[in-house]
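This briefing covers salt bridges, a charged surface patch and a strand pairing. The sequence and structure come first.

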Amino acid sequence: MDLHMMNCELLATCSALGYLEGDTYHKEPDCLESVKDLIRYLRHEDETRDVRQQLGAAQILQSDLLPILTQHRQDKPLFDAVIRLMVNLTQPALLCFGSLPKEPSFRHHFLQVLTYLQAYKEAFASEKAFGVLSETLYELLQLGWEERQEEDNLLIERILLLVRNILHVPADLDQEKKIDDDASIHDQLLWAIHLSGLDDLLLFLASSSAEQQWSLHVLEIVSLMFRDQNPEQLAGIGQGRLAQERSADVAELEVLRQREMAEKKTRALQRGNRHSRFGGSYIVQGLKSIGERDLIFHKGLHNLRNYSSDLGKQPKKVPKRRQAARELSIQRRSALNVRLFLRDFCSEFLENCYNRLMGSVKDHLLREKAQQHDETYYMWALAFFMAFNRAASFRPGLVSETLSVRTFHFIEQNLTNYYEMMLTDRKEAASWARRMHLALKAYQELLATVNEMDLSPDEAVRESSRIIKNNIFYVMEYRELFLTLFRKFDERCQPRSFLRDLVETTHLFLKMLERFCRSRGNLVVQNKRKKRRKKKKVLDQATVSGNVPSSPEELEAMWPALAEQLECCAQNPELGIDSMVPFDAASEVPVEEQRAEAMVRIQDCLLAGQAPQALTLLRSAREVWPEGDVFGSQDISPEEEIQLLKQILSAPLPRQQGPEECGTEEEEEEEEEEEEEELQVVQVSEKEFNFLDYLKRFACSTVVRAYVLLLRSYQQNSAHTNHCIVKMLHRLAHDLKMEALLFQLSVFCLFNRLLSDPAAGAYKELVTFAKYILGKFFALAAVNQKAFVELLFWKNTAVVREMTEGYGSLDDRSSSRRAPTWSPEEEARLRELYLAHKDVEGQDVVEAILAHLNTVPRTRKQIIHHLVQLGLADSVKDFQRKGTHIVLWTGDQELELQRLFEEFQDSDDVLGHIMKNITAKRSRARIVDKLLALGLVAERRELYKKRRKKLASSILPNGAESLKDFCQEDLEEEEKLPEEDSEEDEEGSSEAEEVQGSLVLSTENLGQSLHQEGFSTPLLWLQHCLIRAADDREEDGCSQAVPLVPLTEENEEAMENEQFQQLLRKLGVRPPASEQETFWRIPAKLSPTQLRRVAASLNQPEEEQKLQPELQPEVPGEEGSDEEHCKEHRPQALRALLLTHKKKGLASPEEEDTVGKEQLKTAPKKRQLLDSDEEQEDEGRNRAPELAAPRIQKKKRFQIEDDEDD
């Protein structure tokens, strides 16, 4: 745009600013008003930014504004206005247009504005302009906060913004054409800042606690100053060439030399002895042309190797939306003096400013005082200055502010947020990808710094590194981050540099994690998994309370028990009428319309077996609603009341449903096969970490393809990048034995290009790995001819296993987990059984099918779903278990339950045996609730399935075999019994197998040790508690868990002692099961005889020796080989007889025989002897029937027979 095309008003305003005569600028009288007018024009410019373009074309900033700024600084109003106008003119083009325009016309305007900004940047590259800004800023900072006015703060902010805008202008590479070590315009700008002293003012603003409000501005300016710099190169300036740099240069020169020599050798081979105008034509056998004939080649033989079918073809044009992302950040070496200045600035910044400035910026970000996306400057500064510190002279104290777990968490959160936004906001995906790259660089540098801390000679630094790594490796999100980034890598949005940094960061993370696992031996980490939890349906009031209307037969069977209760209560005419209100006063339904609800409440009380409450509610309702004699007349007799209640019990009363229930029914109609809505709940647990299992997560085609994509540019990659690629691929191929993941045609083409590269000698690691993979492939191809076809596809781990182990091996391995298919004969049998049993009353058709289906074992769920698939049933809801609707228990059923419990209470699976033998089939939850209500068990834990621990007899001391059954803790299930009915609960219960440590000391040894430590009084108190519990259980005839309540300080201290608690566990005493329990409890499963034997084992040796002479005549001797055995069991027998003598006197032989049989009954039912020791045990038992503690012969081998409910 030329000057003569400028708007006349705008031209007149610019002319009124003044004129430049030589080096002196003469301002006009209306100069200040003209500057304000220009600001006003810029405020009202159109979307093409016409005013801005006209001012840029007229070079107003270079010819007028800069001279006014440098020569008329004393005119403060004019100076302030010029600063305001400059800030507006130099703001970034992206900020002017909002985003990069896509339309050609707007793109032209955008590029034009960008050209004017680059001209402004070149004009500012002088010490004079920055000198004025620096002096003005220095004078303003000299003022204290109480002297500083609002205008002063605005001017400080505008000066910082002006510097930011000038530094933000991108370089015009085509225009400058500067090489490394040459001074570009940006370098000239940095040198002008250094000469003016503005860099010192920036350091002051960053280090001063009174100037925290400018923290973000300073950080943004610093990040723009070091935009094109490499921190490792800056740290090495002035120290000579490092050995690493020299080796890199030598390797690069060697690659170039080898290529040049290969090219010379090729040209020498192509040069013939004499020139021939006719090169000849040749037929290439085996290579077809367009037709069926062989290809005719019209060039020399030396060109045959370069022949390709693609010669002369137009390359396929890739659409813009599928093109790979371009690299935007370009690093270059500035002039030496500029790099020295920047190195000194970095050192001073780390020494005095970094920790304070980064803490202030982090606080602004967390308190949302910053603008949007300002956290990117924070992440850039973190990555740059920590890398500089690590490369210069590593001092962790200089970067301690950002060296913490909280910083890892902050970076990980932003990285995850950018990743999610890149997937959702597709229009701005490239911008989100650039931010994600900055976050990844910061994360990489954090890991590199922590890794460097491991090499520190200071023990405190190494300990800090260990703590940080322990926290990082423990949390699941940090370990899963790299997998997520690899799987969602998109080369259309993310440039190749992002992939390079991702590969290098993953390599560093895996190396640190592997070394940490080796040093620790075992590592416990956090594990999160989504668990599906079923949401209960919203049922009506009767269903929630358990009072579901039953069939007429069940109601008839229920009525006699209710009638007896009603006859007892009906004689009292004033039976608590005022105690129950038949209506809801808070309900929106009027009282007159609540009669039907009152009738339903009476029926619910009858169904629940609450006859007195039903009668009371009937009489109260009669008082409230006397009209119509709906609830009986006022002079009704007791017999008529009972008959009325019987009619209410059997009446089909309408039950209203709330809005939630109606909504549930609509959902059920929409989802026929879904009985309950499933919710996903994140369940957090801990597990032992396995490095190879974690490495297997990377064994997928998406990760391998990303690595191969980066490997294609191996010539441009650094040696470290190529090493990271090969190391990961070697981990997958060698450590995991999954070489077939790399059996892909594009990978082999890359290997071919690598092996035929003249400079292949410089890539020895790549060449070795390529030969290893090719050797593995040809070895497999000799066995599996289909491997050549598999080259066309990327493969997952399942296909790799089939390729190496044989096709079909995966199906054989997973056949046990996969449901077997239905044959036509099985389907015909299923159809026949269903039609035969579907109309049988009182019978579960699925249970009947399971009983008669003598084919492959099937589960209830499989049969139900296949019936629905065959069209024999409409929905799985048709097969809900009828047993779950049985809520009321009759007297005979309660007696049967009590009998079954007494019969199987000593078995390993009490609940399983009860469910198998009970007549009226009910769910686990109903049986457990009834057992708790009857008082047969004190808590649900007593019904858990148990497994006896095998204990070698050599560990147990003399006489300890007889205490084996009740001194060992049972293995309990991890999961509690479910409260709701589900098909999985009734198909089988999962048994948790917990491995407990072996017994180190016997009960007697522990008791003696505690006696010696001064716990005699607590041991005596524990003995009395056990004896008292045994006496109470004999008198009452029932067993309940008894808490051990210490009432003295000595007993409380003993209960807190670890050795005393170990003794309690070996005696069978149970610790508090949950947070609601406080005391240890004597479990209900221990019989009185067992409790007395446990108490006898706690006797002191002195008492035993005193009482042995008294009781010795009462213990008859034995002859032969049994004498030694009697001596082994004599102390135990003495203790048992002593307690019996103290409490009840001497026991008769019949009682002792009964005790012996009762002890033998406690042996596990699942154990069956397989050798001849059983006969010897029987003989020993017959020879010594008078012993109070009969022996149990040592069992050598056991066969476990599982009677679990399938």
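The points below are grouped by topic and refer to a predicted model.

**Salt bridges**
- The count comes to 32 salt bridges.
- Arg73 and Glu139 form one of them, with their closest N and O atoms 2.8 Å apart. Arg73 sits in the loop between α4 (60-71) and α5 (76-89) and Glu139 in helix α8 (residues 127-142), so this pair ties together parts that are 66 residues apart in sequence.
- Arg73 is partly exposed at 22% relative accessible area, and Glu139 is partly exposed at 45%.
- Glu463 and Arg466 meet in a salt bridge at 2.5 Å, N to O. Both belong to helix α21 (residues 459-474), where they are three residues, or about one helical turn, apart.
- Glu463 has a relative accessible area of 31% and is partly exposed; Arg466, at 34%, is also partly exposed.
- Asp1031 and Arg1092 are joined by a salt bridge of 2.5 Å, N to O. This pair links helix α47 (residues 1016-1036) to helix α50 (residues 1088-1096), across 61 residues.
- Asp1031 is buried at 15% relative accessibility, and Arg1092 is buried at 14%.

**Negative surface patch**
- Glu564, Glu567, Asp629, Asp635, Glu639 and Glu640 form a patch of negative charge on the surface.
- Helices α25 (552-570) and α28 (638-650) each contribute at least two residues to the patch.
- Glu640 lies in α28 and is partly exposed, at 46% relative accessible area.

**Strand pairing**
- Strands β1 (residues 18-21) and β2 (residues 24-27) pair antiparallel over four bridges.
- Tyr19 stands opposite His26 of β2.
- Two residues separate the strands in this hairpin, and Gly22 takes a positive phi near 70°.

Key. Residues numbered from 1 in each chain as written. Predicted model: local features only at pLDDT ≥ 70, side-chain atom pairs only at ≥ 80, totals over all residues. Heavy atoms only, no water. Patch = residues over 30% accessible without salt bridge, like charges linked within 9 Å, V, L, I, M, F, W, Y side chains within 5 Å. Areas by Shrake-Rupley, 256 points an atom, 1.4 Å probe, with all protein chains shown as cover. Salt bridge = Lys/Arg side-chain N within 4 Å of Asp/Glu carboxyl O. Lys, Arg positive; Asp, Glu negative; His and termini not counted. Charge placed at Lys NZ, Arg CZ, Asp CG, Glu CD. Buried < 20%, exposed > 50% of the residue type's maximum accessible area, 1.4 Å probe, protein only. Pairing = 2+ DSSP bridges.
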